[in-house]
Amino acid sequence: MRRRVAREIALQSLYQIDMNGVSAAEAVNVAVHEAENDNEAQVDHKEKIMPEYIRELVDGTLNNRERIDQLLAGYLKGWKMDRLSRVDREVLRLAAFEMLFQEDVPPKVVVNEAIDLAKHFGTDDSGKFVNGVLGKMIKDVDTLREHIRSGKE
């Protein structure tokens with residue numbers, strides 16, 4: 001449950017960075033503060049918020065964004081990254097980072113969490129769209145991870 005909350009706050013942070021050009025540290029600090037106090041986004045945080053894990057997700061996604069975008073582009077049939085809604089784009093980036101660069105969470109869990117985030121924060125079609133893209137990517141996850149480890153594209 002704590003990882004779910006961390007993903008929600010990480011998504012909000014990535015959105016703020018994309019929307020307003022703020023630093024990762026500032027975006028995470030503001031999102032954590034809002035979740036703990038105002039909770040306008042209605043983040044379910046009955047358990048302790050994990051700022052370190054949130055920072056790891058945000059920093060990892062940002063530090064690997066170029067590579068993630070290149071990989072995602074191959075699964076976006078008829079779409080370009082810059083044409084996606086901000087929410088869908090950041091959900092896909094966050095999920096791709098977790099799926100490909102962090103091996104402590106099973107890929108199916110990452111996909112299910114991403115679908116839930118897309119449904120909660122995106123449009124009516126966001127969950128289906130994210131499911132379609134990540135559903136294709138998950139089939140290649142082992143090969144993609146191996147290419148990342150070896151430095152191949």
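1. Contact here means heavy atoms within 4.5 Å. By that rule Tyr53 touches Arg3, Ala6, Arg7, Glu98, Gln102 and Val105, not counting residues up to four places away in sequence.

2. A note on the basis. This is a predicted model, where local features need pLDDT of at least 70, side-chain atom pairs count only at pLDDT 80 or more, and totals for chains, interfaces and linings use all residues. Residues are numbered from 1 along each chain as its sequence is written, and side-chain values use heavy atoms, with hydrogens and water left out.

3. Tyr53 sits in helix α3. Helices are DSSP runs (H or I, at least four residues), numbered from the N terminus. Tyr53 counts as buried because its relative accessibility is 7% (buried means under 20% relative accessible area, with a 1.4 Å probe and protein chains only).

4. Helix α3 covers residues 51-63, and its axis comes within 9 Å of that of α5, crossing at roughly 100°. Axes are lines fitted to C-alpha atoms over the stretch in contact, and angles run from 0 to 180 degrees between N-to-C directions. The two helices, α3 and α5, are therefore roughly perpendicular (65 to 115 degrees).

5. Who meets whom? On the α3 side: Tyr53, Glu56, Leu57, Gly60 and Thr61; on the α5 side: Arg93, Leu94, Phe97 and Glu98. The residues of this α3 contact with α5 divide into four nonpolar, two polar and three charged. Nonpolar covers Ala, Val, Leu, Ile, Met, Phe, Trp, Tyr, Cys and Pro; charged covers Asp, Glu, Lys and Arg; the others, Gly among them, are polar.

Technical notes
Parallel < 35°, antiparallel > 145°, perpendicular 65-115°, else oblique. Buried < 20%, exposed > 50% of the residue type's maximum accessible area, 1.4 Å probe, protein only.
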